[in-house]
Amino acid sequence: GFKVGIVGLPNVGKSTLFNALTKTAAAQAANFPFCTIEPNVGEVAVPDARLDRLAGIAKSKQIIPARMTFVDIAGLVKGASKGEGLGNQFLANIREVDAIAHVLRCFEDDDVTHVEGRVDPVEDAETIETELMLADLESIEKRLQNIVRKVRGGDKEAVQQERLMKEAKAMLEEGKPARLVDVDAEDSKAWKGLQLLTTKPVLYVCNVDEGEAATGNALSDKVAAMAAEQGAGHVVISAKIEEEISQLDPDEAQMFLEELGLQEAGLDRLIRAGYDLLGLETYFTVGPKEARAWTIRRGTMAPQAAGVIHGDFERGFIRAETIAYDDFVSLGGEQAAKDAGKMRVEGKGYEVKDGDVLHFLFNA
Ligand code: GDP
C-alpha cells in the first residue's frame, strides 16, 4: 500500500493528528484482514462516496474501502541530519514513505511551547527542508565515493547513477530540494532508486485553532503561497477538532462539522490530498458479496491493475470487462449497463480510468 509520513517540528500537533487519523470511527469500522496498527503506523480508509453508491446499487453485503498508511515520524529537530534528536532513525523512516505530510504550526497558544520561541510556519518548513537537504547531500557524497571504482570499470548502471547523483548534488548545493531536478523518462527508475528524501512529494498540513478551521488564518495563507510556489499540496486542518470528531459516531460528527461551518472532516480532505499528491486513482470491483475500492497509480494498465488484487490476476491476465462509474450509476447497475451496451471488453493495452468498475478474466 501507499505510505505517507507525518513529519514536523516538536509540538506542532503531529501526534494529535495521527491519533485522530487512526482512531476515527470510519477507520475502526472498515475492518481489513491485514490491518496491523503499530504505535506509530496506522491504516486509514480512503473516504469515497462513490463506493457507497455502487454498493447500494449492487446491494453488496460488504463495503471495503481502499486503504492508506500513515506513519507518525517523530523526532525531527534542527540538526537531525547531524544526528541530533532521533536523527538517523528519523531519516531512515522517511526513506520508506511515498510522500511527506509536513505538519506546520499555524496556531498561537502561549501554553504550547514552540521550539524556536516564535510561531512562523514558513521558517519551520525551511528548517525541516534544510535538514532533509543536508541528509541527502551527505548520503550522495558518501555514495559518490563508493561508486568511483565501478564507474571507472565502466559499469553502465554506476555511470548513470553517478550522473544523476551529480545533478542532485548541484541542485542541493544551490539550497534547493532534489525534486526540482528535471529527470528524463529513461532515467526515472534509476532516479527513484536513489531514494533521496527531498524527491518525495510534500503536502503541507496547516494546523490552525478550532475557530479558524473553516477559514484558515494569516499564517496558513503564507503557507498556501509557499506551497503554490513549490508545486506542493496544502490543506488547512485543526488537529484538535479532528481529535474530537474521531471520538464521535458519524451522525454526531456530521452535526459537529456543520456547527463549525465545515463541509467535511479535515481528515477526509487530508487523505484525498495525499491521494492527489501521489497521483493515485481508484477502480472498483462490485458484486453482491462485496464492493471494494482498489488503489492504482494514474496511468496503470489493466494487467498491472489486476495485479493489485492478486499476482495471479496479472500473470494470467486475459481481459477486463469495464463499466465506467457514471454508466454503472446512471443506468442502475451491471446488468442494465450491459444491456445498454456500456460494458466494454478491454485487453492488455487498456489504461484503467479512475472510477472504472472492473471484472478481470484470467488463466489460473
Ligand atoms: P507533536 O509534538 O507535533 O506530536 O505535537 P502534539 O500533537 O503532541 O501537540 C502538542 C501540543 O499542542 C498539545 O498540547 C496539543 O494539545 C496542542 N495542540 C495541537 N494542535 C493544537 C491547535 O490547533 N491549537 C492549540 N491551541 N493547541 C494545539
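The shell around the ligand is made up of five nonpolar, seven polar and four charged residues, where Ala, Val, Leu, Ile, Met, Phe, Trp, Tyr, Cys and Pro count as nonpolar, Asp, Glu, Lys and Arg as charged, and the others, Gly among them, as polar. Of the 16 residues around the ligand, those that come nearest are Gly13, Lys14, Ser15, Thr16 and Asp109; a residue is near a molecule if its C-beta atom, placed from the backbone, lies within 6 Å of it. At least two residues of this shell are supplied by each of α1 (14-23) and α9 (239-246), and α1 gives the most, with three residues. Helices (H or I, at least four residues) and strands (E, at least two) are DSSP runs, numbered from the N terminus.

This is a predicted model, in which local features need pLDDT of at least 70 and side-chain atom pairs count only at pLDDT 80 or more, while totals for chains, interfaces and linings use all residues. Residues are numbered from 1 along each chain as its sequence is written.

The UniProt record, an unreviewed entry, lists Asn11, Val12, Gly13, Lys14, Ser15 and Thr16 under "binding site"; its positions are given in the numbering used here, feature names are shortened, and annotations may be inferred rather than shown by experiment. Among them, Asn11 is found in the loop between β1 (3-7) and α1, whereas Thr16 has its place in helix α1 itself.

Asn11 counts as partly exposed because it has 13 C-beta neighbours inside 10 Å, and Thr16 counts as partly exposed because it has 17; a residue is buried if 20 or more other C-beta atoms, placed from the backbone, lie within 10 Å of its own, exposed if 12 or fewer, and partly exposed in between. Not counting residues up to four places away in sequence, Asn11 touches Val112, Thr113, His114 and Val115, and Thr16 is in contact with Ala239, Lys240 and Glu243, two residues being in contact if their C-beta atoms, placed from the backbone, lie within 7 Å.

The protein as a whole is divided into domain 1 (3-117 + 201-277), domain 2 (133-198) and domain 3 (299-362), with bounds that come from an automatic or database domain assignment. Four residues of domain 1 are in contact with five residues of domain 2, and the domain 1 side has two nonpolar, one polar and one charged residues.

As for confidence, the protein averages a pLDDT of 89, and 93% of the residues score at least 70, pLDDT being the predictor's confidence in each residue, from 0 to 100. Over residues 31-37, however, pLDDT stays under 50.
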